[in-house]
Amino acid sequence: MKAIQALAAATLTFCLGNSDLSNAAPITFNTALPVAEGEFIFRQQIRWLRSGEDPSDGDRQMHVTAAISVLGYGINSKLAIFGVLPYLDKRLQADGSGSKIRRNNRGLGDATAFARYIFHQDNAQGRSFRLAGFGGFTAATGDDDDRDRFGLLPPPLQNGSGAWDRFGGLVATYQTLDYQFDGQLSYRRNGSANGFAMGNETRLDLSWQHRIWPRQLSGGVPGFLYAVIELNGLYQEKNRVNHRRDQKSGGSTLWISPGLQYVTRRWVLEMVVQKPILQNLHGSALENDLIFTTSFRVNF
Amino acid sequence: MELADDYLRGMTMTAFRLLLLSLLLAATSVSAQDREPTYAIGVDGLACPFCAYGIEKQLHKLDGVDSVETDIRLGLIIVQMRHGRTLERTQVEEAIEKAGFSLRSFETAEKKAAP
């Protein structure tokens, strides 16, 4: 049960953790996205996650495909609001009594809404520095009581957590014509549902984008091709089961995420591969192998 | 008699020259009227293609704007107005700030209208 709960935490982090903090900008988080007054931004991400490093004897393997839709709107030049809605397809395979057990689920996940306010901005020719605060919540819109022929699905296979979560943080962006740096520090307080609360999370996300094409700028507004490298650090506190801390849960993960991003004035195409370089998970939680994200963004 | 003929010839030439000058001035005047107001706007903070769209969209909302061209390297936007329309600095400053950037410079530039 504890392993399942830990896996639930990892899965939920994959589905929600990065999307509430989103992206010219970074690929694995959304909070640095510039939105002009009265302008909409729509971003569609497809993510594939594979978790297969099972420290238990269960030989578990988890595959999650998520279509994550993000819509942002600039209320004014400082304040923007965002909504995030994931659609999930989850597949878990584990050793049963003499045969493999396969359990699947799909459907809408928990929706997230957040607002960002830029409280400091310093512009000069060809460069910009912005510092903003953000805060929001994740609503329990996904089902958390789906069943299959074996009975109630375990938490990792549920599309929703059943809990309402709150989060907030700071995001900084320094952008020039040649490169861009984004950094985000955030804290998520996870709510409780069905006697279970996932451990609260502290995240540090860093993103560096370097223009590799065109090498020299001439006139007009050409498309920019960026090489991207991101670091995503996550520290998760202990889960709470019936208001008691589960000592075999929580832990920390550090991801390295190389990617490519092609930016035009109306749309952005991007992809990134996230590979854990450090995983210190307590208990028998499934370790993440790989996350591949591809994304399309348009403003209108 | 020859003197009178010379006088008349001279007067005719002068009148002809005056007529030519008048026609030239008239043509110059029409050409000046055909020049539509064009502005060179310097923007601070413009550093990626995706940002340019937000500014262009705000400038297009201004009454009388015909076309907007951005040079991202120079942080410069050329705005051409429709016939007889002009822009005020305060209008432009407000539009640029709505897009999340800062106005660096605002100058009138002349650009000949397309035939």
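Student: Let's pick a residue. What does A:Ser257 touch, leaving out residues up to four places away in sequence?
Tutor: A:Ser257 touches A:Thr28, A:Glu230, A:Asn232, A:Val272, A:Val273 and A:Gln274. Keep in mind that this is a predicted model.
Student: Where does A:Ser257 lie?
Tutor: In strand 17 of chain A, residues 251–263.
Student: Is A:Ser257 buried or exposed?
Tutor: Buried, because 22 other C-beta atoms lie within 10 Å. The cut-off for buried is 20 or more.
Student: And how far apart in space are A:Ser257 and A:Gly233?
Tutor: 11 Å, C-alpha to C-alpha. In sequence the two are 24 residues apart.

Student: New topic, strand pairing. How many bridges join strand 2 of chain A to strand 3 of chain A?
Tutor: There are 14, and the two strands run antiparallel. Strand 2 covers residues 61–74 and strand 3 covers residues 79–95. One pair to find is A:Ser69, which stands opposite A:Leu85 in strand 3 of chain A.
Student: What joins those two strands?
Tutor: A hairpin, running through four residues.
Student: What's in the turn between strand 3 and strand 4 of chain A?
Tutor: These strands form a hairpin with four residues between them. A:Gly98 sits in the turn, with a positive phi of about 90 degrees.
Student: How many bridges pair strand 3 of chain A with strand 5 of chain A?
Tutor: Six, in the antiparallel sense. There, A:Ile81 stands opposite A:Ala115 of strand 5.

Student: What about the open sheet with four strands in chain A: what is the order?
Tutor: The order is 11-12-15-16, with antiparallel pairing.
Student: Which strands stand at the edges?
Tutor: Strand 11 (192–193) and strand 16 (244–245) of chain A. Each has a single partner strand, so one side of each is left without a neighbour in the sheet.
Student: How many bridges join strand 11 to strand 12 of chain A?
Tutor: Two, and the strands run antiparallel. A:Ala193 has A:Phe196 as its bridge partner in strand 12 of chain A.

Student: Now the two chains together. How many residues of chain A are in contact with chain B?
Tutor: 28 residues of chain A, meeting 24 residues of chain B. Strand 5 (112–124), strand 6 (127–138) and strand 9 (165–176) of chain A each supply at least two residues of the side that touches chain B.
Student: What kinds of residues make up that side of chain A?
Tutor: 10 nonpolar, 13 polar and five charged.

Student: Where's the largest nonpolar core?
Tutor: It has 57 residues, and those with the most contacts inside it include B:Val43, B:Ile55 and B:Ile96. Helix 2 of chain B, residues 49–60, gives the most to this core, with six residues.
Student: What does B:Ile96 touch, again skipping residues up to four places away?
Tutor: B:Val43, B:Ile55, B:Phe101, B:Ser102 and B:Leu103.

Student: Last thing, confidence. What pLDDT does chain B average?
Tutor: 80, and 64% of the residues score at least 70. Over residues 24–32 of chain B, pLDDT stays under 50. The model has zero contacts beyond four places in sequence for that stretch.
Student: And what ipTM does the complex get?
Tutor: The predictor gives an ipTM of 0.82 and a pTM of 0.83.

Terms used. Residues numbered from 1 in each chain as written. Chains lettered and ligands numbered in written order. Predicted model: local features only at pLDDT ≥ 70, side-chain atom pairs only at ≥ 80, totals over all residues. Contact = placed C-beta atoms within 7 Å. Nonpolar A, V, L, I, M, F, W, Y, C, P; charged D, E, K, R; others polar. Pairing = 2+ DSSP bridges. pLDDT = per-residue confidence, 0-100. Core = buried A, V, L, I, M, F, W, Y, C linked by C-beta atoms within 7 Å. Buried ≥ 20, exposed ≤ 12 C-beta atoms within 10 Å, placed from the backbone.
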